[in-house]
Amino acid sequence: MFFIGIDIGSTATKICAMDEDKRLVGSAVAPLGTGTDGIKLAVEQLKETSGLSVDEAEFSVATGYGRLTYKGADKQISEISCHAKGVHFCLPEVRTLIDIGGQDTKVISMDSTGRINQFAMNDKCAAGTGRFLDVMARLLNLPLNELGDMDAKATERLPISNTCTVFAESEVISKLAAGAPIPNILGGIHQAVARRVAGLVYRVGLTPAVAMSGGVAVNSGVVRALAAELGQTILLPESPQIIGACGAALYAWEEYHKREN
């Protein structure tokens, strides 16, 4: 017996399977999001790595940007709820969760039971999101998975004053033309993201402990910049990118048992 959570994001699809004892028994991440073959690829990866077929799950829940367009799940639940559920399960001490996704950034305030007190979203602008970092990585000719290591080589963080992605891009080009070291430019880019996200955090209210979820959480440069900006240690789940899918799987477990009872 197992339960499935599928997080269909704008740039990636994540899937988690949990057994009756709420143990993670399989997961997959496909680098394709809403409107693509991301779901198909994630389902195939889950089958290959764990032997689990989504069709055989007792119950499934879809979340994320593309949850309402996916008809294969038994229920759809918002990503705010699923990320809160997932991080509370993994790190119950967390009271403030920062989820930086491909197209938006969410900050969620929770109580000791994992109940959501308040949340804020940046979904009108690419600044402070994974999309912003993707644009900057291409500009610097760096793979996304190397941004954290490159940031660690910075001797200073060159300030990026523009929060708009278009104007920030021009600013970075100017710094490159002036011969500024790439690690220092990248440090400034990460600091700009951290400042943008910190504004959301303070709008919601900063309560320790603080954690990050989402794909950008694997970028150690952003984590360091955000920790410095907030003056807080940033906790990371073991697999931050699948936290939303894990929360969806937990909801699937709950919904199944609720209906059985």
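## Cysteines

The structure holds 0 disulfides, a disulfide being a pair of cysteine sulfur atoms within 2.5 Å. This is a predicted model, in which local features need pLDDT of at least 70 and side-chain atom pairs count only at pLDDT 80 or more, while totals for chains, interfaces and linings use all residues. Residues are numbered from 1 along each chain as its sequence is written, and side-chain values use heavy atoms, with hydrogens and water left out.

Cys16 takes part in no disulfide, its nearest cysteine sulfur being that of Cys246. For Cys82 the closest cysteine sulfur also lies in Cys246, too far for a bond. Relative accessible area is sorted as buried (under 20%), exposed (over 50%) or partly exposed in between, with a 1.4 Å probe and protein chains only.

## Helix H1

Helices (H or I, at least four residues) and strands (E, at least two) are DSSP runs, numbered from the N terminus. Helix H1 (residues 38-50) has 13 residues and spans 18 Å from its first C-alpha to its last, close to the expected 18 Å, where the expectation is 1.5 Å times one less than the number of residues. Within H1, Gly38, Ala42 and Leu46 are buried. These residues cover an arc of only 70 degrees around the axis, which places them on the same side of H1; the arc is that of the directions from the helix axis to the C-beta atoms. On the other side of H1, Lys40 and Glu48 are exposed. The cover over the buried residues of H1 includes strands S1 (2-8), S2 (13-19) and S3 (24-30). Just after H1, Gly51 adopts a positive phi of about 80 degrees.

## Nonpolar cores

A nonpolar core is a set of buried Ala, Val, Leu, Ile, Met, Phe, Trp, Tyr and Cys residues joined through side-chain atoms within 4.5 Å. The largest has 38 residues, of which Ile98, Ile189, Met212 and Leu226 touch the most other members. Helix H6 gives the most to this core, with 11 residues. Leaving aside neighbours within four places in sequence, Ile189 is in contact (heavy atoms within 4.5 Å) with Phe132, Leu133, Met136, Leu140, Ile160 and Val172. A second, separate core of 16 residues includes Ile15, Leu46, Leu52 and Ala62.
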